[in-house]
Structures are given as structure tokens and as C-alpha cells.
Amino acid sequence: MENVALENRVFYPPADIAESANAKADIYEWAKKDRLGFWDAHAKELVTWFKPYEKVLDDSNAPFFKWFVNGKLNVSYNCVDRHAKSHRRNKAAILYESEIGKKVVLTYGMLYREVNKFANALAGLGVKKGDRVALYMPMIPEATIAMLACTRIGAPHSLVFGGFSPEALRDRINDCQAKVLITADGNFRRGTPFPLKQNADKAMEDTPTIEKCVVVKNAENEVNMKEGRDVWYHDLMAAAGSYCEPEVMDSEDMLFILYTSGTTGKPKGVVHTTGGYLVQTQATLKYVFDIKEDDVYWCTADIGWITGHSYVVYAPLALGTTTFMYDGTIDYPDKDRMWDMAERYGVTKFYTAPTAIRTFMKWGTEYPKKHDLSAIKILGSVGEPINPEAWMWYYENIGGGKAPIMDTWWQTETGAFMVTPLPGVTPLKPGTATNPFPGIEVDVVDENKNPADVGYLVVKSPWPSMLRTIYGDPDRYVDQYWKRFGDMYFAGDGARRDEMGYIWVTGRVDDVLNVSGHRLGTAEVESALVECEEVAEAAVVGKKHEVKGESVCCFVILKDGFEGSPELIDKLKKHVAVKIGPIARPDDVIFTGSLPKTRSGKIMRRLLRDIAEGRAIGDVTTLADPGAMQEIAAKYAGKED
Ligand code: WTA
């Protein structure tokens, strides 16, 4: 065994999981034989419909697909009411702990009452079906309550990650023309409050559509409340009625918008709808994390990202699971904080990102060793390819060598898992997401759309939780995803297949970076840089990073009259962090006299990446000025930071 390279080792499903798993091997045959029948059965089993749908899939206007046509439902009803009215009434829906140790338990019955009240409060502020509501929130139960309250009254929400800057928040609010913003005074980061409301105030200086701002008192830091606009969450709740009739929504009514980075400077508002999203998120969680009645499930993702939407809020609650939420840093007060909580709450299913695993790995095994993690049955990974070393570390030290790792490949756009093992069925190899989920048709193809061992990841047929469009820009939806490979969906990732037929996702092949599992467009960083008066031109690439996966590396041409200096490097880094958010802060800024461009003027980022990662420079024959690369390489070698 020892001579076998890590990525070739095979780990078979543990017998106990295989025996009792929700999904057995025959699920693949079923889905293959009757793909739409498979989804039909799950839509019937997993969703409570107010009115049954008439057709599973309408593909007459591709790529604008419709699922569960004319079905009527409400997502908050599915996540809360049906459990609050069942034996799960007193079951914990949300277990929450804050960084400073505040603990909250909300049973399904309690969550039901909170969601109803806040839905009434929102309606009282004038929010109606179809109105957009922006959320800029910490990982607190009120965030979940607010999301569910929006869905109850049919108002699509748009969450903006709390780590984003005021400008990023402003642009997203303005793009979707939100009427109300929900935020909090602050949240604790390493013991000190982070001023969320202050950021929101800055954003709201220039958001003409915002009429009201609801503020949750969370960190007790000083905030300004603007007369007539700002209202306290607790005041609204004290006055709100206890029952709010759930809005009857169509399968294809918009559920939420979530902005994500693309290949231009402008983030894309990914639109998800109601029926298909609720079906696929539940089916995937049920089978991949093998959800059982007594689970304590913990997904560490922030609710501001798609993983938080689908697998902290919607799927676990719709399935009636107990979901654990933590708001805070992973090393406060010490580096065993996560394992301390996993032990205290008896976590059975744990889902996190490779960048976090690599951080834990760097800290050493002494921290998980301090705690009893034996309740953990299944582990998960998402956000970027997991390197085999991190996989093994996770498997041995967190899973105790007995918990299979579900490496789940999916995207903001896909809404739910697409390529993933099944815990009771799939032999695992460290570093591969293995097979498409049953009922999902994913392939690896070459430029000519033919199946290939190495190439591009595509989805060959529509799936229930797929994005439906880009908010306000259907042309961009078509161009971005449905042009390059004909009628197949292009994910933007490269992939290869191994001899077992497993899919290995190798990373983005477009101009999107993946920094600590967060998507960032090179164009977003470049446009932040060229805003600075000193900068004439900038090219940004991702550079391999031990912990973050990729770091932001910028090549900058200064305007005449300006000189590069350590101070200027600092200033540019700070500007990007302020403009987009701390996650976008560059690790490297290199001043150069030119950039490698093709004769048609396109920057060849591939060559810059070669320099940043210390490789021999690739083919330069298509460059307008082949000599440019020597100069840039020399500048990189002598960089000052
Ligand atoms: C990457 C996160 C390899 C990929 C759910 C994708 C992964 C992008 C994996 C989507 C994985 C996510 N293996 N790569 N298991 N999971 N990715 O929209 O490049 O934030 O296109 O959604 O993350 O990032 P997003």
C-alpha cells in the first residue's frame, strides 16, 4: 500500500454506512434508465406542493428551461411549517454559537414562530411578492430567519457576504434594485466587533431604491440609526403578528439572486427559482451526507455564499435536520475551537473547504487530538480541488480513518451538488469528486465537443437546481454558459478522467480566481487597480498558494511620472481590499514596463502565471513583443515584497 501514490489509493465505503445508506448502488441504474422519472419521484417525495406540477421538464425554449411546470409551493412552508406541524416540532432546527460563546437553540416550532413574525414585519415595511431584499448579515440565526421570511412572502433575497466592502454591497443592491436592506450592528471577529452597519451606511449613501434598513442588535456596538429609514429588528418583532400566510409561489418564481464573479468586472446576479432548487438541494444532501433523523449536521460555509444558501439553510431545514451554525473565526480563543464545538454538539456530518483543511493541517494534529470526534460519520469538501495530502490528513485526523469524504463539485450556478461520491456506494480516491450525481449528466470534452480524457467540464442536459438566468441580462446567461460547447453547459472548469472513469476537476480555465474557495474575477481586481491615479494598466493572475489554493498576483504598469515603491505596493494592495473586500487583497504587486499581449491586444495571463509560479515561460510566438517576457520575468525576480 505504501508504494501506491496517494491519489491512486482506493477507500471502500465502511460496511455500516453501506448497509444503512439512503442511497444504494441501484440508484444509478434507476436514474440512467429514467432520468426525468427519477427527478419526478424525488419532487413528489421531498416537496410538499400546494398544487401538483403538470410536467417535469419543459425544454422547448432552451437554455431557458422550466422544471416542475405550473407546480405551486412555498419554500418556507417546506423548511418550517411542515416540520413544526409534525413530530419534529420540538426538534432542534438550528444550534448556534457565537464567537464569544453565546448559544441559541431554535426548535422547528420556535423557528416557525420567528419566521412568521418577521415575514409579517417585512410585509409591514411594504415588501411585496417579487420585491428584492438585500441581506448583509453575520452567521446568526436571524439571517436564516430573514431568508425564510423573504421566501414566505415571495420576495427574492440577495445576500452579500459580510466580508465584502461597502462599494461591493452598493453595486449589488443597485443591480437588483433592492427595496429593503437587512443587516446587523456588527459581529465579533477575534473578540472585537466588526462594524457591519457602518459599512451598510456607507453603501446606502448611494442606493436610491433602498427604503428601509432593518438592523439586528448582535454585537452591541454603537451604530447610527437614520430617522425614517433604519429600524431595529427587535422592535419590529415585538410588534409583529404571529401568523403570516405563505405566498403561493410558482415552481419557476424567483427564489433568490446571488452575485458571483465572472470574466468581466461586473459580478453576475445568478438567479435561482423555487421548485427545482428545493428538489435537487434536498435530494443531494439526503444521499450524499446520508441524512438521518438524529444527525447534527455542520456545514461551515458562510450564508453569504451558495454553499451557505443550499447546505446551511435550505436543504437541511427542508429535510428537517438539525443544523449547526457558528459565527466567528476558526482559531478563537484557540486553534481547537472547531473541534471543541464538534465535540460539544456531537456533530455527525461535517462539511468544509480545502483551504480550511490546509490551515488545520498547518496547525498540527494536537488540536483535533484534544477532542473526541468519534461521532463524525461523514465528511465533506467543497470550493476547490482538494489536494490528496489534505484529503488524507482530513480522513485520518478528523474522520478517524472511518468517515468517507464527500468531495462535492458544484457551483453558484448549479445550485446543488453535481459531481460527488455517494457514501455507501462509491470507492473513494483522494482528490477526485468521482461521479456525476444520479440524474445528472456531466462529461469531459475537448474543444470540438467530443468526450476526452483531458478537457473541459460540461453538463449535457438541464438539471432541476440550475440557474435560470443572469438577473437583468439574459444575453449574458446564454453567451457565458451555452455558447462555447453548443447545447452543453460550460462550467468554466478544466477536468480529466482517470481509468476508473472518475472525474478530476483541475480548476478554472477562464479568468476567474479561486482564493480560499472564494471566486474572484481577474477583471474585478484589475478595474480596482486602474482606478488608482498611478496605474496605467494592470493584469491579474492567480498564483498557487499553500493554504489559500490561489493568491492574487498583480502585474502593474505605472503611468509616466510615477515610480514603484514599497509604499505604492502597500497602497495598491489596500485599495483592492477596500474596494472589493479583504479576501481580494493581493499577495504580490509587480511593477513592469509592459504586459504580454497578443497582436490583437489580449493579455496572455497564462504566461504571467508561468512567471508567478516559477515555470519556464511557455510559447511566446503569438506575442506582439516576444521580448517583453524577459523584462517581466526579471522584474518579478527582483520584486520588493
Ligand atoms: C470550484 C462553490 C474542484 C470550481 C460551491 C467551481 C471545485 C467553483 C469543487 C465554483 C470541488 C467547487 N473540486 N473544484 N469539489 N467545488 N470548485 O460558485 O472551480 O463559489 O467552478 O461555488 O469552485 O465556486 P462557487
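Student: Where does P63 lie?
Tutor: P63 sits in the loop between β1 (55–58) and β2 (66–69); helices (H or I, at least four residues) and strands (E, at least two) are DSSP runs, numbered from the N terminus. This is a predicted model in which local features need pLDDT of at least 70, side-chain atom pairs count only at pLDDT 80 or more, and totals for chains, interfaces and linings use all residues. Residues are numbered from 1 along each chain as its sequence is written, and side-chain values use heavy atoms, leaving out hydrogens and water.

Student: Is the bond from A62 to P63 cis or trans?
Tutor: The peptide bond from A62 to P63 is cis, with omega near 0°. Another cis bond, also with omega near 0°, goes from Y332 to P333. P333 is placed in the loop between β17 (322–327) and α12 (337–345).

Student: And what about the phi of F68?
Tutor: F68 has a positive phi of about 55°, although it is not a glycine. F68 lies in strand β2. As background, most residues other than glycine have a negative phi, and most peptide bonds are trans.

Student: What is 2.7 Å from a nitrogen atom of the ligand?
Tutor: That is an N or O atom in the side chain of D407; a polar contact is a pair of N or O atoms within 3.5 Å. A ligand nitrogen is also 3.1 Å from a polar backbone atom of G383. An oxygen atom of the ligand is 2.9 Å from an N or O atom in the side chain of Q411.

Student: How much of the ligand does the protein bury?
Tutor: Taken alone, the ligand exposes 530 Å², and the protein buries 96% of that (Shrake-Rupley areas, 1.4 Å probe).

Student: What order do the strands of the 4-stranded sheet have?
Tutor: The order in this open sheet is β21-β22-β24-β25, with antiparallel pairing; two strands pair if DSSP finds at least two bridges between them. β21 (442–445) and β25 stand at the edges with a single partner strand each, so one side of each has no neighbour in the sheet. Direction ignored, neighbouring strands of this sheet are turned by 45° against each other on average. Between β21 and β22 (454–459) there are 4 bridges, and D443 stands opposite V458 in β22.

Conventions. Polar contact = N/O pair within 3.5 Å; in protein donor to acceptor, adjacent residues only side chain to side chain. Axes fitted to C-alpha atoms, helices over the stretch in contact; angles between N-to-C directions.
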